[in-house]
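Work through the exercises below with the sequence and the model at hand, and try each task before reading its solution.

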Amino acid sequence: MKRLVWPALLVCLNGQAATTQEQNWQLLETEHFRLMFAKEFQGLAQNASHELEQSRTLVLKQQQRSLAAKTDVVLIDPDNSPNGFALPLSHRPTMALFATAPQSDSALHNLSGWMQLVALHEYIHLVHLAQPDRSPWRDKLNQLAQWSDLSRLDSPRWVAEGYATLQESKLTGKGRLYSAYAEAWLQQLAQEGAIPGYNELNAAEGRYQARGFAYLVGARFLAWLEQNYGVDKLDSVWTRQVALKNRSFEQAFEGVYGVSASILYQRFVAEYSFYSMQQQQQLTPVKAKLWLNSKGRQQSPALSPDGTLLAVITEDSLEQNLLAVFATAENHKARDKFQQTQKELLAEDQQDIADTEPGSFNPEQKYVLEQRNFSGIRDPRWLNNQTLIFGANSKDEHGNSQQDLFQWHLPSGKVTTLSKNASLRRFDVSPDGQFIIAERQKAGYSELVRLDIKSGDIQPLTEAALEQIFDFPRISPDQQQLAVLYFTPQNGWKLQLRDLAGQLLQQVPMPAGYQYLSYPNWSPDGRSLFFVASQQGRLCLYRYDFPNKTLWQLTQGAEMVQMPVPMQNGVLLLQLVNQQGPDLYKVDQMKAVPVRHFATKTATKGSWLLAAVSAESAVGSVVSQTHLNRTMGVKVAQKPLSMPKAQVHSAAIVGGRQQPYGLGPQQQSLTLHYNISNFAPDVIGIGLKGGDPIKRLDYQLGVQQDISHNQFSAAFAAVRYQGWPVKTMLALQQSRLELSGQRNFHQGNEKQRSALLQFSYPWHAGDWQFDQLLQLRELDLTGEPGSGNALPADHNSSASLVLQQSWQHQRNSWGLGFSNSAGYHQSAGHSWRGIDFSPELQGRWQAWTLALEGRFQRRWQQDALLRLGGFSSAAMMAAIDPNRIVSPELPFSQLVGQDYRRYQLSLSHRRLQPLQLLYRRHQFANQAALDSYGVALELPLNFGMGPVSLNDVQLDLGLFRLAAEDAAKDTALWLNLGYQF
């Protein structure tokens, strides 16, 4: 054993790795919240403690609702982008707040402060959806079993997200209900008759920005309901959903309003579309010619220095980003080809009618770059006429995605890295090609930095600060100054001029009443700045001329405009948005109107279309009805409730206590295991699962039993700690299995008592992932497998050294992957030894993935038999007995032997994953082969953090046909649901 253990430990420690659980985590506890965060998020946590407690106080005044338990809040930054989520468990409410703030061109642009907005939004989710059930027995069950609590959450996605968005706006005066960007986008849809149908509100894909429908349209529909029927009526729907009588959302809604939500939604759409069309008819459209029709799938156009090439982010048929480069010259070849095709069509059939000539013959595509390993491609900028710099994601040492910069040389196709884990978002390249100025957003702090292209050195230009945001830095053509968007909670978005050292020179004047501000771009001569700003829920194009200090309005808002790209000849390329998304148009001339009235600050009072045009609402404006006295059942007349102004706090809220995280706040939940099969015993199990929210320490114990025929019983316990570089797990289990009760079995049984101590060291190097495991076990196994061979009856100690490795290279249209698990097993006293080897080769073309796997296992000496078949569960862990081969379509110990081979072929489709078509061939040496084929679903659920009931869940189900060479064909059906480490 010593000869095995010491080399194994040396191998495990020879590498570098880090996981989320290893970070220096802290715990900040306030009266109603527990904030968990890595040390680098200290400042963010202090701010969040104030915003969370203020959110609770305000929502309690507004709704007389609070949570039954203290809320767990995790501060993270998994992909360097703005987000958050809430897990509405009534007795363990949990939320995650992402550190990175939104940028100027998103629907989140209209924010009071990022931490205030996201904290309030997620807290509203919890108050809305995590109210204790008023049925005492259901509430008690929810307290004991978190999965039971989740099962009652059947509110549609648009209801959950729409209500949180509505309240985020009402209580801050900002938010997405009052977002000028959101208004412009939805009014554009209304003008095209493309407002999503009721059954599309929950969609997350299929249409441009479909994921946002639940937030933007849902909030407006709920606000319309409040306007026309009253705040208290909508509020009573939520009360009815947690009543003693169990109701769905639709039942609760129709009981209050008398009609279904879908019927009232149709009326809302009609009103919204009517008023939007009225506004649009009063505006003069811009005269523009379609130049690049990408069916709405394009972002971030950038013109090369010599004006001959245009880079733009587009999407392929699978909606994955790619970077395309087009020639700016007219595409005469495409026009000639079209005309020739029409001539041939009419020559064959003179009575036919030719196709209408398209509005644009797209420019010729010269180069294309697909993303690698789904890392994304964004915001291209030209280094010179042959080289582009773009942003994409890379993984840091903790497995989180960080935004970095890469360089693409077009003629050679070579891509090189310019930064590593630098968290650089939008950027610009100096005209002389020597440096880059970018915004760095890290741990909630934003700053402008300068990256030297040759050396890779990064130097800060401004002081990093919370709640500030820099966006769209643009270096002037003469390289003397920098235009950049700048946000602070007190002043909103401003367009500033700074010198190249980051010092403020001046602010560009804005039109009165603006809220949205984005897309600044210099004219080629550097004498003007183009940008997009809002006016009354419309996005308009502006130009500021520096010589005469004049601001001009170039469009009236009849179209939703984005991304102006000035060309050398005075022509402007401009993105105009339709229901499919933005397309690029060429504009030769526009009517410029001088702006006479200027803003001193951004618009403070939010508004949206129906609120603005409804002169006599039946029940008052949206913002006026924010207070409900549920006890008295009447509305209290007082000034609207609102959150305090967002600010940066230098310390945690009074009463907050911070300490090292340690093992963290522990929680427990009852768990269930269930297995049904037409071959193996039907098993039901109950257990207790516990741990902390970031999964530093977790454990489970329980029992499982075949309650129908008493053919299986088991008890188990396992504990895992992941706070060290070497992860450790201890598992204990005892089981009894009567093989004779299985179909086609006449005898056989197994009894097992076992203990496993496992050390794991996961690490990665580039695209390679490794995990090295050392397993030490004690195993008492006795019985008769039903094949004439007796299992070893003596006490057995063994050790295993396992190396797992994977590599993948994914492009948009194709991908390759390779993985392998290799293990060596040795028992004490050398009574048996064995090897395992399982390589897998995977290939993908478009949406289809084909994988070929081989598995080879060999045991020496008669004290060990490989036993094929059966399911894996917390009480039958595969690692605890290396001689048991899991294959859920087969009974336990269907085949036994010492030399096993398996060949597996699987086929899956991207939109149906993790559903697979599978074929397997099982064979032991000198025995007949057994083929199995069918459809299977393997679905692991693991958030990586959060409530214990939402991690380590495994759902397997399948329908297979079995064909043995020496037996008749048979059918296998199984379902296995449980929790496994």
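Two strands pair if DSSP finds at least two bridges between them, and strands (E, at least two residues) are DSSP runs numbered from the N terminus. The model is predicted, so that local features need pLDDT of at least 70 and side-chain atom pairs count only at pLDDT 80 or more, while totals for chains, interfaces and linings use all residues. Residues are numbered from 1 along each chain as its sequence is written, and side-chain values use heavy atoms, with hydrogens and water left out.

**Exercise 1.** Determine in which order the strands of the open sheet that contains β46 are arranged.

*Solution.* Begin with β46 (residues 866-868), which pairs with β48 in the antiparallel sense over three bridges; within this pairing, Arg867 has Val896 of β48 as its bridge partner.

**Exercise 2.** Identify the strands with which β49 pairs.

*Solution.* Turn next to β50 (residues 915-924), which pairs with β49 in the antiparallel sense over eight bridges; here Arg902 has His922 as its bridge partner in β50. Finally, β49 and β50 form a hairpin, with five residues between them.

Definitions and conventions. Helices (H or I, at least four residues) and strands (E, at least two) are DSSP runs, numbered from the N terminus.
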